[in-house]
Amino acid sequence: MADAGRHALHVVLLAGGSGTRFWPASRVRRPKQFLALGGRRPLIEDAWRRARRLAPAERLWVVAPRPLARSVRAALPELAAERLVIEPSPRDTGPAIALAVASVARVAPQAVIGVFPTDHVIVDVSAFTRSVRAAVAAARDGALVCLGVRPDRPATGFGYLLCAEPPIAGRAVPVSRFVEKPVLSRARRYLADGRYLWNAGMFVWTAQSFLAELQRTAPEIDTAVSRHLSGARGAWERAPKLSVDYAVMEHARGVAVVALDAGWDDVGSWDAAARLREAAGLAVGTHIAIDSPGSVIVGERRIVALVGVPDVVVVDTADALLVVSRAQAESVRAAVEELRKRGRDDLL
């Protein structure tokens, strides 16, 4: 995407996360975005490639907690050292995004900034790029823009954005309100209504617009970030732990949304990863699965053989083996909690 002058687009990639849903492949120091869940490259590398379609490497930033800094640098060798924004400690997306935006503003106060997770899958990169272009145009007019995914099912695991009018591809429309994760009956109504989009946690705004709203809606975060960047010790820990939605977006003025139809998937569980691996022809690979329909095997160290075991995900690593039914993939966190209770921090 070509941008000229002071309103050039900068891209911030969010690279935090704990990795509990994808244990044992993911760990505290190697969360989900460093895994090749949806294809042959780690998710963070795919996110970088998408970002390079939007802006040159010198306008790409990554914000990550300190323990993941080395992993980010190894995964993204093109990332300039001064473009890696370090969170001293995890404090949710509100402070993290505020720190990144304030860091960009120090270099380019008039910048338009796109903020995108690194742990999602987007199949149609061209469609994604077109939606970002539309969001950039609206952001230059002062809006704080969300990219909202057009739902294809009555999902209960996502928050929703209610549009003031039916969303049209390529055009920003006002957001009436943010909606919490619904029960199934309500999600079905949202799907039938046509004005609801999934809140995918992707945003475009100018540095000035976001920081002005941050100061108004979350002054404690604004103060903590400003003092931290000025070198004040302990300032970061005073920032409240809030998501950017709670801290800013739900209270902000001039919030708009651009509909995204690009094969988006947040890859929220091993079952979701299994669907992606099946679509990419990676379900079994060199492993063996006999009379085991719907089963997916992840692991490269040794051959895994399944016989008569349908609808499971097997994840084989050097120090742990997971076998989970696809229907119970959301329960992997329970295994992580059990390891924590047993004091097995070496496996987390």
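**Strand β9 and other spots**

Analyst: Of the 11 residues in strand β9 (residues 196–206), 10 are buried, so the strand is mostly covered. Buried means under 20% relative accessible area, exposed means over 50%, and partly exposed lies in between (1.4 Å probe, protein chains only). Strands (E, at least two residues) and helices (H or I, at least four) are DSSP runs, numbered from the N terminus. This is a predicted model, where local features need pLDDT of at least 70, side-chain atom pairs count only at pLDDT 80 or more, and totals for chains, interfaces and linings use all residues. Residues are numbered from 1 along each chain as its sequence is written, and side-chain values use heavy atoms, with hydrogens and water left out.

User: How many bridges join β4 to β9?

Analyst: Four, and strand β4 (residues 112–117) runs antiparallel to β9. Two strands pair if DSSP finds at least two bridges between them. V112 has T206 as its bridge partner in β9.

User: And which way does β6 pair with β9?

Analyst: Antiparallel, over five bridges, with β6 covering residues 144–149. There, L147 is partnered with M202 of β9. Strand β7 (residues 160–163) is also antiparallel to β9, joined by three bridges, and L162 stands opposite Y196.

User: What is E87 in contact with, beyond its neighbours within four places in sequence?

Analyst: V63, A64, P65, R66, D92, A96, L99 and W236. Contact means heavy atoms within 4.5 Å.

User: Now W270. Buried or exposed?

Analyst: W270 counts as buried because its relative accessibility is 1%. W270 lies in helix α9 (residues 270–279). Its contacts outside four places in sequence include R21, F22, W23, L37, V298 and V332.

User: How far apart are the C-alpha atoms of W270 and L35?

Analyst: They are separated by 12 Å, with the two residues 235 apart along the chain.

User: Last one: where does I288 sit, and how accessible is I288?

Analyst: I288 is in strand β12 (residues 288–290). I288 counts as partly exposed because its relative accessibility is 38%.
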